[in-house]
Amino acid sequence: RFLMEIKNLIIFYPSFERGGVEKIIENLIIYFSSKNINIFLITIKNKNLKKFNKVKNLQIISPKNTSNIFFLPYRIFSMIKCLRSLVKLMKYLNNKNTVIHSMQSSFIPILISKIKEFKIVIRNSEDPISSTKFSENRVWSYLIFIFRYFFYNFADMIITNSKGSSISLKKFLISKNKSRVKYIYNPYLTIRKIKDSQIKRKRKNLIIGVGRLCKQKNFEHLILAFKKFLQKYDNFKLFIIGDGYQKNYLQKIINKEKLNKKVFLKGYRNNLNKYYKQAKLFVLPSIYEGLGNVLIDAINYSVPCVSTTCKSGPSEILCNGKGGELAPINNVELLNDKMIKSIRDKKITRRKLLFAKKNLNRFYHLNQAEKYFQALQSILK
């Protein structure tokens, strides 16, 4: 069949949020710009958008983040405002050489794209079954589950960031649509692998965890596992870096367990380099993940890793245990055991870390951004 080349790419991301996805969008935009594609980023006006000022072929369409007169949740409010911009933009672009890449709030963009006969690719960033199973708001999560089951079958392609997530996603699709699911690791790592000599650098007796302070990330269990860990290594400290609605809840646990001088909530940090360079161990205690970009950073900075065996993501990054220690989710005892093992068995820990570092090319941004480009190009038939 004749293959039309992409001339225009619309990236739909209503609420531009800090974190790993921000870096992924930045890497994709820079890469697609190098392909001389016209890029339109539709997102709520945000100070973080200044970084794109010098990117060629990029037009940022940002509805002002004005007061929410209907008192809707922020994500829904921003989605509604950005949908208006999406519909207006579609009037001026040719649907034969334009692809919409929805990276957030995809249900209605799928519907609009089908009505307007535009090709749409959506991104799913987490294991959909686990995120439903362990959700705090069961009613809302089951509603999202039903919406996914209906709307995802109308997307031209679904890109997810791990093999495990792709397996779960295919369960949402009817048989003839399962081939539309494609897993591409995040185009995340912009710094080439840091030299292995970093492994030998002198580090502090410090364990770190990074992520949003929410139920999914399960820092409560990390704190409790660390309390047991102190029975063996009482000269260590734990830094939890991130922000979220569980901050006060976690601080109460720290106070209750009398760990105020050992466990510290450091809040959100733009630059984590100094923490990665100081730490002897990185722990990801999540109940579920999509991929787990923070694990990639930790490995890149030669920090040994312990993670829970989420359905997708972390186990793949750690090469199913060959690149780091894995513990079952929601098991404080075994999480503690893996932390102790990582500190105690230095030769095994070093060997696993070297193995993980050798496999980091899977997440190098140029490799994966090219896969994105080929995937989006392939649907313009």
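## A cavity and its lining

Asn218, His221, Pro285, Thr308, Pro328, Ile329, Asn330, Asn331, Val332 and Leu335 line the second largest cavity of this predicted model. The volume of this cavity is about 30 Å³. Its lining is made up of five nonpolar and five polar residues, with no charged ones.

## The largest cavity

Two cavities of 30 Å³ or more are counted here, and the largest holds about 50 Å³ of space. Around the largest cavity you will find Pro304, Cys305, Gly323, Gly324, Glu325, Ser342, Thr349, Lys352 and Leu353. By type, this lining splits into three nonpolar, four polar and two charged residues. Helix α13 (residues 346–358) is the element that gives the most to the lining, with three residues.

Now let's turn to a strand. Four of the five residues of β9 (residues 237–241) are buried, so this strand is largely enclosed by the rest of the structure.

On one hand, β9 runs parallel to strand β8 (residues 206–210), and five bridges join the two. Ile207 has Leu238 in β9 as its bridge partner. To get from β8 to β9, the chain passes through helix α7 (residues 219–229), making a right-handed β-α-β crossover.

Strand β9 also runs parallel to strand β10 (residues 263–267), with four bridges between them.

Key. Residues are numbered from 1 along each chain as its sequence is written. This is a predicted model: local features need pLDDT of at least 70, side-chain atom pairs count only at pLDDT 80 or more; totals for chains, interfaces and linings use all residues. Side-chain values use heavy atoms; hydrogens and water are left out. Buried means under 20% relative accessible area, exposed over 50%, partly exposed in between (1.4 Å probe, protein chains only). Two strands pair if DSSP finds at least two bridges between them. A crossover is right-handed if, with the strands pointing away from the viewer, the path from the first strand over the helix to the second runs clockwise. On a 1 Å grid over the protein atoms alone, a cavity is a set of points where a 1.4 Å probe fits but cannot get out, and a pocket is an open set with protein on both sides within 12 Å along at least five of seven lines; lining residues have an atom within 4 Å of a point. Grid points are joined across faces, edges and corners, and a volume is the space filled by probe spheres set on the points. Ala, Val, Leu, Ile, Met, Phe, Trp, Tyr, Cys and Pro count as nonpolar, Asp, Glu, Lys and Arg as charged, and the others, Gly among them, as polar.
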